Amino acid sequence: MANLKLTGVAKTYGGTVDVLKDINLDIKQGELIVFVGPSGCGKSTLLRMIAGLEKITGGTLEIDGQMVNDVPPAQRGIAMVFQSYALYPHMTVRDNMSFALKIAKKSPDEINAAVEKAAKMLQLGPYLDRLPKALSGGQRQRVAIGRSIVRDPKVYLFDEPLSNLDAALRVATRIEIAQLKESMPDSTMIYVTHDQVEAMTLATRIVVLANKGIAQVGTPLELYQTPNSEFVAQFIGSPAMNLLPGEIVETGAQTRIRMDAGGTAVSAVPTTDADRGLKVNVGVRPEDFVGTDSATDYIYEGKVDITEALGEVTLLYFEAQREDPVIGKLPGVHADLRGRTVKMTADPEKVHLFHDKRSLRYR
Amino acid sequence: MANLKLTGVAKTYGGTVDVLKDINLDIKQGELIVFVGPSGCGKSTLLRMIAGLEKITGGTLEIDGQMVNDVPPAQRGIAMVFQSYALYPHMTVRDNMSFALKIAKKSPDEINAAVEKAAKMLQLGPYLDRLPKALSGGQRQRVAIGRSIVRDPKVYLFDEPLSNLDAALRVATRIEIAQLKESMPDSTMIYVTHDQVEAMTLATRIVVLANKGIAQVGTPLELYQTPNSEFVAQFIGSPAMNLLPGEIVETGAQTRIRMDAGGTAVSAVPTTDADRGLKVNVGVRPEDFVGTDSATDYIYEGKVDITEALGEVTLLYFEAQREDPVIGKLPGVHADLRGRTVKMTADPEKVHLFHDKRSLRYR
Amino acid sequence: MSPALQGIITIIIGVGGCAAYFYASNYVLDKFVFPARTDDHGRNISRATMIRPWLFLAPAIFFLSLYLVYPVVGSFVRSLYNRSGDTFIGLGNYTQMFSEEGFRIAFFNNILWVIFVPAAATFLGLLVAQLTDRLKWGNLAKSLIFMPMAISFVGASLIWKFVYANNPEIGIINAVRDYFGMNPIDVLQIPFWNNFFIMFILVWIQTGFAMVILSAALRGIPEETVEAAIIDGANPFQIFFKIKVPQIMGTIVVVWTTITILVLKVFDIVYAMTGGNFDTEILPSYMMDYMFRDDGRATAVAFVIMVVVTPVMVWNIVQARKEMN
Amino acid sequence: MDNIAGQKSGLSIVTNISVIALVLIWLVPTLGLLVSSFRERAQISETGWWRAMFPVEQAYRISPAADGAVQEGDLWVLSGNLFENEEGLGSGTVSGFGITSRAPGAAQPGQTYARYEVFVMEDGEQDDTNLEIAYPADGEPEFPAADEDGNEILTDPPPTFERSLTVQENGDFRYVDADEIDRAPSVYITANTPPEFTLDNYETILTSDNMDRAFINTLTVAIPATIIPILVAAFAAYALAWMNFSGRGLLIACVVGLLVVPLQIALVPLLTLHNQIGIGQSFLGVWLAHTAFGMPLAIYLLRNYMVGLPRDIIECAKVDGATDFQIFTRIVLPLSFPALASFSIFQFLWTWNDLLVAKVFLPSNSESWVMTVKIADDLLGSRGGDWGILAAAAFVSIAVPLLVFFSMQRFLVRGLLAGSVK
Amino acid sequence: QDLIVPVGEGAFTWDSYEAFAEEYDLTGQRLEITGPWTGDEKAKVDEVFRYFEEATGADVNYSGSDSFEQDIVISARSGSAPNLAVFPQPGLAADMARQGYLTPLPEGTGEWVAENFAAGDSWVDLGTYAGPDGEEHLYGIFYRVDLKSLVWYSPIAFDEAGYDVPETLEALKELTEDMADDGVTPWCIGLGSGAATGWPATDWVEDMMLRTQPPEVYDQWVTNEIPFDDPAVVGAIEEFGWFARNDDFVSGGSEAVATTDFRDSPGGLFALPPECMMHRQASFIPAFFPDNAEMGENIDFFYFPAYEEKDLGKPVLGAGTVFGITNPSDAASAMIEFLKLPVAHELWATQGAFLSAHAGLNPETYQTDTQRAQSEIIQDATTFRFDGSDLMPSEIGAGAFWSGMIDYVGGTDAEAVAAGIQSRWDGMK
Ligand SMILES: Nc1ncnc2c1ncn2[C@@H]1O[C@H](COP(=O)(O)OP(=O)(O)OP(=O)(O)O)[C@@H](O)[C@H]1O
Ligand SMILES: Nc1ncnc2c1ncn2[C@@H]1O[C@H](COP(=O)(O)OP(=O)(O)OP(=O)(O)O)[C@@H](O)[C@H]1O
Ligand SMILES: [Mg+2]
Ligand SMILES: [Mg+2]
């Protein structure tokens, strides 16, 4: 039901501390936009500005074509889950959840039904009559989520709604949110998270915030597959993409790079003659590394310092004492690799090239 | 420097609400124990009891062989990161971090060095002179972590220390914690988390709490590979293990099960003749599913309702309208599978069998 | 109509009326004056937002301006006239006053009061609030400490006569001195220090006030911060002074201010204890000496009192600014 | 947090002791008043209240009727028992006696105490003076060599007997006089008085005319004068704490400034105003006056409390669609309960104990008297020095405020905000 | 409730009352009176007013207040004054008259007072003040006077110790010294009185003024024609100091003088052993005697004597309460008429603790001999002077003078004190 348009939005605290600058963003009705970005980059601030809780110090925010910079939160038709939960401490869980509906003068039956449904979904049934102080951290967070679910707003704003839930519940709630979204294809959602999986699975588009501005906007797969900068490349995907320095030696539809540390990489990123000799960073995601025995056609060779077995996969850390170690991710359990030297390469399609922090693909 | 021994520890709120019962646990010096469990199962409570912030209402807690039920928190030699951060709101970040050291009458140089080091590690440098209220959620959490790192306690207690950090920082901090642990092999750490990866990578042993007690204790791989109950099986690993009903038709070193929904599963779990005809749940992790074309040797056949592309892998949801859908996880991108019917099977080594919620392997 | 019935009706009308006023005026504002549904949606809403605070404030402003501002302005004008109120003498009352020794003594004493009483009462109140916080009989103790608050100033002065009286058969201080064979002294006549004996009466009364407010504030401190400090190894003193007190600083300012203001108003105690003699006069009692006799002078003193409170005002505004950011 | 392990008992002992000490310091003066409220005026000024619990030796003057006097030789003799017909004379055991008020207990029971006229040498001149002397009842007086001024007592002329008194422990006495006993002589005894307490003071106060009326009037004044300002102030406080508008800082400053306005300068203009608009001296006038005079402090205290509420919660309610009115009534008001409770306690106390406003704004007839006026003007006026009444009055008027305090105290609860935010 | 004495019975002057009753019919009118009498005294005066109600049918509502001085100013200024006010000090009445809050009494009242009151002219003078226009009118009529020049003592104690009642001030001083020599404390002096602390000392000084200076000087002092720090005044203050500033002469030592409450002070006479032998205080003080006080037995009074040597006769200091009209009405005027009736005075006299200057009052109606004896002292007086501090502007007489005396008792020298008071007085001009 709502399109949002941010034009040149900026936020300055106390006249001096710039937090956000020149944010331009078009959010279409029915989208689920996920904001990601390093801690402290201004995700919550942006969300709060959209909610109307924080003055917009520059630019305009339009909802459905109407400038709402000065419209109070209540009239923007939004629901919000706060990062700090912000439960009403003097109300029981049930009252917390039904507060907005009561305000909206919904009938008791309607309220009850909505609350019961949300409670069931979030497994809050047994706690409906407790006060927030008698709940665990995760339970509090679920109440906060439930509170926004029971309403039926034009725009949902979620600030890290799942960060305190356990894995099972997180998956369940995530799916619930996805279904909620699906069942209301018209409602717009904006979602802040730190969780890669959440961002990747939920988002229609992901907005990566960094350096007071937007680093890239795109669908999850776009961001994953074709990051336009080293920052985004490293930010999306966990563990982060490995960046290894090299020099372009062959150009064309495929590019060949001689790695500074030895070995050669081949990338499907097309280059022109002019690029020959360019110093680039070769980006390979840990999960894209595959072992190789080739004497030259390897992108990286190193001794496995640490292995982390996650069950389904094993992480291999090379040069773990470096600030950003090189990491490989192999399916299955490979504790035996520790201390061994291995060579790794990757499918050219999955080899990214960055120059001057920007992707060569996008220059 | 510290062994912990919990014997029959229990917690009751207000004489009636049982939260924890009969917790028995031996924690060796130098271990890093991770508590996991569903939200509200009492992880924080157990941690607080170990810290001494919550009276132990039953059983005993020993640190280094000494009963410490009644020893005040300050004398237990612990540091704790609170789930709610608990920053001192009136102190700057620097003062927050140096408070404990000042209390301990450390020299200013020493304090400064410790604070600077922790700040650098947690990327808090620019915020050292801000008050907590001018920090973002993640920044606050980092301060809380920093505060415990600057001290040098016998036992570290962390209550979901990373839940508000972004992926990169989370990996970085996780590795820092791992290295911190490594650099102080003698210090004992207890760590509560919801994050599978954290649990799997950090833990020496994982304690799964459920139903007011301990469901299973073991190294991460033990729990992943040989869960002793359906609960643990589903709790460890994300998405959760699929459980599919069937009946044992062949026993021996390998077991063959006829699936109720059609198809046959083979498991490496040995069974005896007596088990023939037993109704079991066949457990297969999503990541262990592999596609098959065999007409009979498949464990599951279904229509892909939803696909979630995470970049490196794709999640396939079958029967998504069920409360716990069957999930498969295939490497790579497979958006094209949506709506198609596929058959899947798994390596017998990775097929678990459960009867009466317990693993057949452990009966 | 019996006054009791009248009172009940007033409560209903007053409370209901207030509630109705606030509700109705908000309703009218939103629905009729600046309805949000018309074309200039945004403008109307922001106009309504500008007006709404004043709806909330209106009754209070009405009372404040009619009952306080209006007399204050009137009095200020009056203070510029001579004693009979017929000749304008500018600041004559002020200049003359400051040239008089009696006034200077009162002024000096008042400074003493303003410093000592709020400090002592707040400190003791804080101490009691903290000490009784986790005591089993804490509520009883608090009630006992609070009791003087409930005693009228006259009653309180009487109580302290039983302490200070120089007859050892009445005053307990002199009874003790007498027991040790010392001569009775009249503590109310010891130059300079007698002020403190009188001030202590107000401290005795006001500690209960400070205690009640501060103990509510102490209870509002997030427990986790205290727990964190406990784990950090802070001892109870450090927790109190370094964790708790700074967190309730705002409330301490409030309590301090309130007591300061009270100090600037209370004359009953001085009146009842010494009648302002033995150099114990303070500004309020000095003002009462002139009240209804020389209104020019009395109102001038009132304004001096208001000026004395300026630093406290400034302090409060600074504090309020800090909180708002 | 009550749950913290191993809290040191040593500390708790110190805490207990210091609280006990503080409470004692706070209590002792009040205790004095309480004890005094059960004593008579005369006792209060005679012995310290701390001795009221113990028997004290007290002197009495007794004037036994002269009727039974008989002449024995030159002397007239009156005998009988001192405790007959006399009431309230302590334990009924004489611990000492005398014949002058200066020394009412000079002699022991069983002795005879006599006055002689003796001649002394003073500055070389002969002079006569009185000498009192005690000796065993069956013995004879022995005169000292010199009187208390050090003058030599002459044996010639010999001392002349004037009168003597013999008293036994049980009160039997024998009074001998050289002159005819024509009017009741004054004799003095000392006896132990048991502690004596009386409810008279309370009776005086509680049974005095119109006291019930005054009580009801006081409540009538105090209750609306407590509730209305809180309500009005709470709205204003909310606006000043959580609403954005220009002039807010200035308004806060004004409120703080108005805190200090002395009531006295407002009385005359306001009463004039009330007279002009027809309210005159009435309960309505008092309510309005109290409301206004309590307003600055109410706004000040409440605003400061409200400012401290977590911002997120209020913002959340805004997002939930609540209007300011709803945020105020549903969120802020319930969360401000401790502040509301404390202020209502104080406002109630002030209105309850107020004398000035009630006197000025209420009619002066006795139907409209509140307790303070009743006590100050009616009970104490002619009894200003009657500390017993004053003390009892103080305790009578303290009862209701204390009740209010006790009942409100549970609203000053711990951790109202707990669990709301991370 | 019955009247205390049925109309027509007893030794009361009923004729004029009956004539009065004939003349006035104010049925339905309401008369508001405020004054300083509270408690017992209010009860007594209420009884008197009931006769007025009986006679006129009006409804009298008297209310008393301990802080009358402040209340009347507030109510007068805010326009809610009662019909009549009873001023405890002429000074306050004069202040209010000047500000226009009082209405002059009906024509001819002055003449009537001059004729019918003992020493009538002086009562007229005391009730005559300048109005707002500066013109002098009679604004007040006196009802109930106090006699101040009294010394209270215990005849039994005097008897036992062999002391005699002194006839001259010289003898009184000698007696004081004798007593001190004998080891007994001669005087109980208490100046405490809450906010009014210090006033008992002003009575002492006034008595001393009358005993050291001719009455004319006293009058000049009261009107500030001679400055407060005139040697004559300083001398009188020092005479008071002779008594009060000597630790041996006053109970508790001179330090106690300033803080002992005047209401507790006479208690020393009744203590066993006595804490003092004498107490100088006005005729109202028996109200504060303990229950066991028996007039003529353990308590009695004598005239505070004058210096024989100075030959100033027998000066007497007194005070009284004065009725003024603050809000004219028929009933108010009628009340003034009523107060002219002897019976209005007799009816309180018969309830005790009342003296009157009304010459037509039948002495038989006094309740006690004491009252009669006191009224005789008034009669015998060669000089009668009204309490000076009550005549001074209230700022001085009820302010600076009081606190000055406390300073003096506390050790400040008399001249400095007097100069201080004078400068305050100067400040008012
Ligand atoms: N004061 C209390 N009274 C009653 N029950 C309480 C109280 N405090 C906590 N609980 C309950 O105790 C249980 C354990 O709480 P705890 O905070 O230990 O959970 P947790 O495992 O840390 O959960 P989370 O992962 O969500 O933080 C919860 O179900 C909670 O509702
Ligand atoms: N009142 C303030 N004054 C100054 N700076 C502030 C204030 N509030 C927040 N900031 C800063 O603004 C930046 C953005 O904060 P915000 O809460 O939006 O971050 P975030 O992206 O939500 O981070 P996180 O993921 O850690 O929650 C942070 O660097 C923070 O320090
Ligand atoms: Mg945030
Ligand atoms: Mg927890």
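Helices here are DSSP runs of H or I with at least four residues, strands are runs of E with at least two, and both are numbered from the N terminus. With that settled, a quick tour. Keep in mind that this is a predicted model.

Start with B:Asp356, which sits in the loop between strand S20 (351-355) and strand S21 (358-359) of chain B. Its phi is positive, about 55°, even though B:Asp356 is not a glycine.

**Ligand 1**

Which chains does ligand 1 lie between? Chains A and B are the pair in question. There are 19 residues around ligand 1, and the nearest are A:Arg130, A:Ser136, A:Gly138, B:Ser44 and B:Thr45. By type, this shell is made up of five nonpolar, eleven polar and three charged residues.

| Residue | Polar atom from | Distance to an oxygen atom of ligand 1 |
|---|---|---|
| A:Gln139 | side chain | 3.0 Å |
| B:Lys43 | backbone | 2.7 Å |
| B:His194 | side chain | 3.1 Å |

Taken alone, ligand 1 would expose 640 Å², and the protein buries 85% of that. Two elements each give two or more residues to the shell around ligand 1: helix H4 (137-149) of chain A and helix H1 (43-51) of chain B.

**Cavities, and the largest one**

The structure has eleven cavities of 30 Å³ or more. The largest cavity holds about 130 Å³ of space, and 14 residues line it. Closest to its centre are D:Arg39, D:Gln43, D:Thr47, D:Val56 and D:Gln58.

What kinds of residue make up that lining? It splits into six nonpolar, four polar and four charged residues. Helix H2 (41-46) and strand S1 (56-62) of chain D each supply at least two residues of the lining.

Technical notes: Residues numbered from 1 in each chain as written. Chains lettered and ligands numbered in written order. Predicted model: local features only at pLDDT ≥ 70, side-chain atom pairs only at ≥ 80, totals over all residues. Heavy atoms only, no water. 1 Å grid on protein atoms, 1.4 Å probe; cavity = no way out; pocket = protein on both sides within 12 Å on 5 of 7 lines; lining within 4 Å. Points joined across faces, edges and corners; volume = space filled by probe spheres on them. Nonpolar A, V, L, I, M, F, W, Y, C, P; charged D, E, K, R; others polar. Near = heavy atom within 4 Å. Polar contact = N/O pair within 3.5 Å; in protein donor to acceptor, adjacent residues only side chain to side chain. Areas by Shrake-Rupley, 256 points an atom, 1.4 Å probe, with all protein chains shown as cover.
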